[in-house]
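Let's walk through this structure together, one neighbourhood at a time. Keep the viewer open as you read.

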Amino acid sequence: MRKRPVRIGAEFGKLVVIAFAESDSHGNQRVVVRCSCPERTEKTVRLTALTFEPYVDKHGKVRLPHRSCGCESKRAHREYWELRARGIRKRAWKRIWRAHQDGLTFHELAQTFNLEEGVISAICRLYNARHPAQTGGAIPKKSKAREDWLRQTEGDLPY
């Protein structure tokens with residue numbers, strides 16, 4: 001295969017080439033890249049996965065070159081469910097959170113409230129963000145996280 005002229009330090013979206021790796025069994029040139037997300041993930045990828053032109057495959061799906069370690073798709077997925085959760089009244093958020101504190105799983109809550117599990121998960125995550133764990137208010141009562149938090153604070157509840 002033809003070797004593509006790429007330098008160490010070349011940027012492809014959030015990915016930066018940091019080293020060259022051995023070619024794979026098919027002769028594809030491989031590089032080690034680091035993502036600029038907070039996790040600073042390092043991956044070995046085919047160079048063609050970074051440099052090809054976008055195209056539509058035979059199934060009609062648009063194929064795009066790699067531009068992140070996967071953090072962008074996770075962020076987009078999380079934002080999608082959070083937007084769906086924002087359409088639900090705040091009073092329902094509290095009822096969902098209380099039911100989660102009582103030990104119901106996301107699946108059980110989804111059936112009870114007739115919502116998708118992703119929406120239930122987003123509601124719990126957003127509720128956690130608004131009620132910091134320092135007060136113990138956002139940690140489910142019957143959970144390992146609550147036990148760990150109680151052990152760390154040695155039973156000194158702030159409320």
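Leu-15 has a relative accessible area of 4% and is therefore buried (buried means under 20% relative accessible area, exposed over 50% and partly exposed in between, with a 1.4 Å probe and protein chains only). You will find Leu-15 in strand 2, residues 15-21; here helices (H or I, at least four residues) and strands (E, at least two) are DSSP runs, numbered from the N terminus. Please keep in mind that this is a predicted model, in which local features need pLDDT of at least 70 and side-chain atom pairs count only at pLDDT 80 or more, while totals for chains, interfaces and linings use all residues. Residues are numbered from 1 along each chain as its sequence is written, and side-chain values use heavy atoms, with hydrogens and water left out.

What surrounds Leu-15, leaving aside its neighbours within four places in sequence? Its contacts (heavy atoms within 4.5 Å) are with Ala-10, Val-33, Arg-34, Cys-35, Leu-50, His-66, Arg-67, Ser-68 and Cys-69. Lys-43 is 28 residues from Leu-15 in sequence, with 9.5 Å between their C-alpha atoms.

Ser-68, one of those partners of Leu-15, sits in the loop between strand 6 (62-63) and helix 2 (71-86). Ser-68 counts as buried because its relative accessibility is 17%. Beyond its neighbours within four places in sequence, Ser-68 touches Lys-14, Leu-15 and Cys-35. From C-alpha to C-alpha, Ser-68 and Ser-36 are 8.2 Å apart, although 32 residues separate them in sequence.

Now step back to the whole chain. The protein has six helices and six strands, and from the N terminus on its elements run β-β-β-β-α-β-β-α-α-α-α-α. Of its 159 residues, 31% count as buried. Among contacts with a separation of 6 or more, 38% are between residues 24 or more positions apart. The accessible surface comes to about 11,100 Å², and 52% of this belongs to carbon and sulfur atoms; these areas come from the Shrake-Rupley method with a 1.4 Å probe, and for residues only the protein chains shown count as cover.

Next, look at a pair of helices. Helix 3 (residues 90-101) and helix 4 (residues 106-113) pack at an angle of about 140 degrees, and their axes are 10 Å apart. Axes here are lines fitted to C-alpha atoms, for helices over the stretch in contact, and angles run from 0 to 180 degrees between N-to-C directions. The two helices are therefore oblique to each other, given that angles under 35 degrees count as roughly parallel, over 145 as roughly antiparallel, 65 to 115 as roughly perpendicular and the rest as oblique. On the helix 3 side, Arg-95, Ile-96, Ala-99 and His-100 meet Phe-106, Leu-109 and Phe-113 of helix 4.

Also in helix 4 is His-107, which is partly exposed because its relative accessibility is 42%. The C-alpha atoms of His-107 and Ser-121 are separated by 9.7 Å, with the two residues 14 apart along the chain.

Finally, turn to the backbone. Most residues other than glycine have a negative phi. Arg-40 is not a glycine, yet has a positive phi of about 55 degrees; its place is in the loop between strand 3 (30-35) and strand 4 (42-46). Asn-114 also has a positive phi, near 60 degrees, and lies in the loop between helix 4 and helix 5 (117-130). Is each of these two residues buried, partly exposed or exposed? Arg-40 is partly exposed, at 46%, whereas Asn-114 counts as exposed, at 69%.
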